[in-house]
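Open the model in your viewer and keep the selection panel at hand. Each stop below says what to select and what is there.

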Amino acid sequence: MAFATAFRRILNGSSILPSQFASKRLSSTLTTPKLFVSGLSRLTTDDKLKEAFSQFGNLQEAKVIVDRESGRSKGFGFVSYQTIEEAEAAREGMNAKYLDGWVIFVDPARPREPRPPPQAQSQPSETGFRTNKTIGWCG
């Protein structure tokens, strides 16, 4: 019954209340002019991202993050504007919109979290096996 009511609302064009998560996503205010863009297509390039976001103001940088090994997009990127007001306009204008056939989401960028230093690789023993501390012996 609830499905039929919701379906009827969609057909009639009346608005459906946004979920709690959607309202929380849009409620945070920007403190930096850098935006995190997720949900990008694997075909989206830096130029396509720049073209899509340049209409909202003076775009400083548009970068799609790619995998080091394969060179393919990881599905997210960052855009930076000159002012916070331009970034807010871009966030409101591009959030939950289509880019290259995929729905993208635009959120404030968070500072990068510090990573622990890399650990040294374990050396094989004289028998040719190395110790994997999580599983035991492996070859």
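## Overall layout

Start with the whole chain in cartoon view. Read from the N terminus, the elements of the protein chain follow the order α-α-β-α-β-β-α-β-β-β-β. That gives four helices and seven strands. Helices (H or I, at least four residues) and strands (E, at least two) are DSSP runs, numbered from the N terminus.

The model is predicted: local features need pLDDT of at least 70, side-chain atom pairs count only at pLDDT 80 or more, and totals for chains, interfaces and linings use all residues. Residue numbers start from 1 along each chain as its sequence is written, and side-chain values use heavy atoms, with hydrogens and water left out.

Now colour by accessibility. Of the 139 residues of the protein chain, 22% count as buried. Buried means under 20% relative accessible area, exposed means over 50%, and partly exposed lies in between (1.4 Å probe, protein chains only). The areas come from the Shrake-Rupley method with a 1.4 Å probe, and for residues only the protein chains shown count as cover.

## Stop 1: helix 3

Select residues 46–53, which form helix 3. Which residues are buried in helix 3? They are Leu49, Ala52 and Phe53. These three span an arc of only 85° around the axis, so they sit on the same side of helix 3. The arc is that of the directions from the helix axis to the C-beta atoms. Now turn the view. The face of helix 3 turned away from its buried side carries Asp47 and Glu51, both exposed.

## Stop 2

Show side chains next. The structure holds three salt bridges. A salt bridge here is a side-chain nitrogen of Lys or Arg within 4 Å of a carboxyl oxygen of Asp or Glu.

Select Lys63 and Asp46. They form a salt bridge, with the closest N and O atoms 3.9 Å apart. Lys63 lies in strand 2 (residues 59–66) and Asp46 in helix 3, so the pair ties together parts that are 17 residues apart in sequence. Lys63 is partly exposed, at 37% relative accessible area. Asp46 is partly exposed too, at 29%.

Then pick Lys48 and Asp100. Their side chains meet in a salt bridge (3.9 Å, N to O). Lys48 belongs to helix 3 and Asp100 to the loop between strand 4 and strand 5, so this pair ties together parts that are 52 residues apart in sequence. Lys48 is partly exposed at 36% relative accessibility.

Stay on Asp100. Its relative accessible area is 33%, so Asp100 counts as partly exposed. Now check the backbone. Phi of Asp100 is near 55°, a positive value in a residue other than glycine. Most residues other than glycine have a negative phi.

## Stop 3: helix 4

Select residues 84–94 for helix 4. Its buried residues are Glu86, Ala87, Ala90, Arg91 and Met94. Seen down the axis of helix 4, these buried residues fall within an arc of 140°, so they line one face of the helix. On the other side, Glu85 and Glu92 are exposed.

Zoom in on Arg91 and Glu88. Arg91 forms a salt bridge with Glu88, the closest N and O atoms being 3.9 Å apart. Both residues lie in helix 4, three residues apart, about one turn of the helix. Is Arg91 buried or exposed? At 1% relative accessibility, Arg91 counts as buried. Glu88 is partly exposed, at 22%.

Step past the helix to Ala96. Ala96 follows helix 4 and has a positive phi, near 65°. It is found in the loop between helix 4 and strand 4 (97–99). Ala96 is partly exposed, with a relative accessible area of 44%.

## Stop 4: a patch of positive charge

Switch to a surface view. Select Lys34, Arg68, Lys74, Arg112 and Arg115. They gather in a patch of positive charge on the surface. Patches are made of residues with over 30% relative accessible area and no salt bridge, and like charges are joined within 9 Å. Lys and Arg count as positive and Asp and Glu as negative; His and the chain ends are not counted. The place of a charge is taken as NZ of Lys or CZ of Arg.

Finish on Arg115. It is found in the loop between strand 5 (102–108) and strand 6 (130–132). At 69% relative accessibility, Arg115 counts as exposed.

How values were computed: Patch = residues over 30% accessible without salt bridge, like charges linked within 9 Å, V, L, I, M, F, W, Y side chains within 5 Å.
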